[in-house]
Amino acid sequence: MKKSELRMLIAEYNQIKLKIKKSNDRKLQEKIKQIEHRYFHETGNSIKAKSEEIT
């Protein structure tokens, strides 16, 4: 994955996290898990740590 794709993945993760705060939707939670898995598979790092570092 390119760095730009990873940045887009982190941005999507943050947007979904904000949506989850407003409504506790099952599909959004599944999407978050998929993004976390994909990011970990590509980088070997946790996306939670990276998103907290950025914000």
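A residue counts as exposed when its relative accessible area is over 50% and as buried when that area is under 20%, with partly exposed in between. The views below are close-ups of a predicted model.

**View 1. Leu-18, an exposed residue of helix 1.** Leu-18 is placed in helix 1, and because its relative accessibility is 54%, over the 50% cut-off, Leu-18 counts as exposed. Along the chain, Leu-18 and His-37 are 19 residues apart, and their C-alpha atoms are separated by 19 Å.

**View 2. The crossing of helix 1 and helix 2.** Helix 1, formed by residues 3-22, and helix 2, formed by residues 26-43, have axes that come within 10 Å of each other and cross at roughly 155°. Because angles over 145 degrees count as roughly antiparallel, helix 1 is roughly antiparallel to helix 2. The crossing in which helix 1 passes helix 2 is left-handed. The residues of this contact divide into 10 nonpolar, two polar and seven charged.

**View 3. Residues that meet between the two helices.** On the side of helix 1, the contact is made by Leu-6, Leu-9, Ile-10, Glu-12, Tyr-13, Ile-16, Lys-17, Lys-19 and Ile-20. These meet residues of helix 2, among them Leu-28, Gln-29, Ile-32, Ile-35, Tyr-39 and Thr-43, together with charged residues including Lys-31, Glu-36, Arg-38 and Glu-42.

**View 4. The salt bridge between Lys-31 and Glu-12.** A search of the whole structure finds one salt bridge, and this is formed by Lys-31 with Glu-12, whose closest N and O atoms are 3.5 Å apart. The pair links distant parts of the chain, with Lys-31 in helix 2 and Glu-12 in helix 1, 19 residues apart. Side chains of opposite charge can pair when their charged atoms come close.

**View 5. Tyr-13, a buried residue of helix 1.** Tyr-13 is found in helix 1 and has a relative accessible area of 2%, which is under the 20% cut-off and therefore makes Tyr-13 buried. When its neighbours within four places in sequence are left aside, Tyr-13 is in contact with Ile-32, Ile-35, Glu-36, Ile-47, Lys-48 and Ser-51. Tyr-13 and Lys-31 lie 18 residues apart in sequence, with a C-alpha to C-alpha separation of 8.6 Å in space.

Terms used: Residues are numbered from 1 along each chain as its sequence is written. This is a predicted model: local features need pLDDT of at least 70, side-chain atom pairs count only at pLDDT 80 or more; totals for chains, interfaces and linings use all residues. Side-chain values use heavy atoms; hydrogens and water are left out. Axes are lines fitted to C-alpha atoms, for helices over the stretch in contact, and angles run from 0 to 180 degrees between N-to-C directions. Helices (H or I, at least four residues) and strands (E, at least two) are DSSP runs, numbered from the N terminus. Angles under 35 degrees count as roughly parallel, over 145 as roughly antiparallel, 65 to 115 as roughly perpendicular and the rest as oblique. A crossing is left-handed if the near helix is turned anticlockwise from the far one by less than a right angle, and right-handed if clockwise. Contact means heavy atoms within 4.5 Å. A salt bridge is a side-chain nitrogen of Lys or Arg within 4 Å of a carboxyl oxygen of Asp or Glu. Buried means under 20% relative accessible area, exposed over 50%, partly exposed in between (1.4 Å probe, protein chains only).
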